[in-house]
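Please keep the model in view while reading.

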Amino acid sequence: MAASIGNRKGSLGQSLVKFLGKNAQNWVLPIIGIVGFLAVWQLLSSIGLIKLPSPFNILSEKSTRDLLLYPFFDRGGTDKGLFWQTLASFERVAKGYSLAAIVGVGLGILVGTTPVIDKAVDPLFQFLRTVPPLAWVPIALAALRQNEPAALFVIFITAIWPILLNTAVGVKQIPQDYRNVSRVLQLSKQKYFFKILIPSALPYIFTGLRISIGLAWLAIIAAEIIMSGIVGIGFFIWNSYTNDKVGEVILALVYIGAVGLLLDRAVAFVQTLILPEEQK
């Protein structure tokens with residue numbers, strides 16, 4: 001019995017070692033890159049070449065360490081831990097991005113299937129999509145008069161363009177053979193939409209969705225920095241900066257980067273579930 005258990009442990013240990021060895025590059029190289037980056041940062045801060053606090057100083061600072069160890073505290077108002085600050089921003093992004101996805105895909109299909117509308121609105125779309133997110137903030141505040149709806153509008157207007165334009169391109173790129181087959185088979189508009197148009201345009205739609213989720217996350221950070229008095233990671237960064245707490249700003253940037261990466265990976269995962277293998 002003991003020998004059997006020992007053999008199992010040995011085989012499990014060998015399997016684990018084999019797995020780690022096989023995938024060493026997938027986790028060793030990123031760790032080396034991160035450690036190297038932190039070492040260079042520590043060195044440059046120590047010799048005074050850059051004025052930012054070093055990683056060691058950030059971790060040794062009490063306020064930063066408390067934020068890192070206690071991300072769930074809530075003292076009311078805007079005095080909340082980084083988890084709640086990030087969650088508030090994420091909720092705004094989810095609302096604005098979802099609306100942008102629905103409207104963007106719908107308008108993209110309309111533009112892609114109607115050449116007359118495409119020619120009429122393309123100059124306007126190309127003009128609006130070049131406006132930076134921060135430029136929309138004062139317009140949104142002037143029009144809506146409230147921070148929350150203004151922030152949602154900034155996310156929406158920033159995120160919609162890659163979705164809309166990529167969807168339109170995807171619809172225009174449907175092979176002519178597919179169109180001919182639909183005419184020969186006399187497919188109804190509904191069947192053509194679900195059997196040919198959507199499947200053919202899906203790779204382009206997901207390209208737009210992946211680009212837009214990053215832009216939406218960038219937009220909310222920029223909007224919250226300008227809009228005072230709202231719970232969110234952007235306002236937290238600006239508030240920390242005005243109070244000369246650079247370490248807290250850097251810690252918040254880590255949260256922003258981590259959430260942005262997770263959002264991109266989430267959209268990519270949904271893409272792998274929906275798209276056929278040959279279209280990935």
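The model is a predicted one, in which local features need pLDDT of at least 70 and side-chain atom pairs count only at pLDDT 80 or more, while totals for chains, interfaces and linings use all residues. Residues are numbered from 1 along each chain as its sequence is written, and side-chain values use heavy atoms, without hydrogens and water.

H5 covers residues 82-113 and H12 residues 246-274; their axes come within 11 Å and cross at roughly 40°. The two helices are therefore oblique to each other, a class left over once angles under 35 degrees (roughly parallel), over 145 (roughly antiparallel) and 65 to 115 (roughly perpendicular) are set aside. On the H5 side, Leu82, Phe83, Thr86, Phe90 and Tyr97 meet Leu251, Ala252, Tyr255, Val259, Leu263 and Val267 of H12, contact being heavy atoms within 4.5 Å. Of the residues in this contact, ten are nonpolar, one is polar and none is charged.

Two loop residues have positive phi values without being glycine. Arg145, with phi near 70°, is placed in the loop between helix H7 (133-144) and helix H8 (147-172). Its relative accessibility is 69%, so Arg145 counts as exposed (over 50% relative accessible area; buried is under 20%, partly exposed in between, with a 1.4 Å probe and protein chains only). Asp244 has a positive phi of about 60° and lies in the loop between helix H11 (233-242) and H12. Asp244 is exposed too, with a relative accessible area of 65%.

Technical notes: Axes fitted to C-alpha atoms, helices over the stretch in contact; angles between N-to-C directions. Helix = DSSP H or I, 4+ residues; strand = E, 2+ residues; numbered from the N terminus. Nonpolar A, V, L, I, M, F, W, Y, C, P; charged D, E, K, R; others polar.
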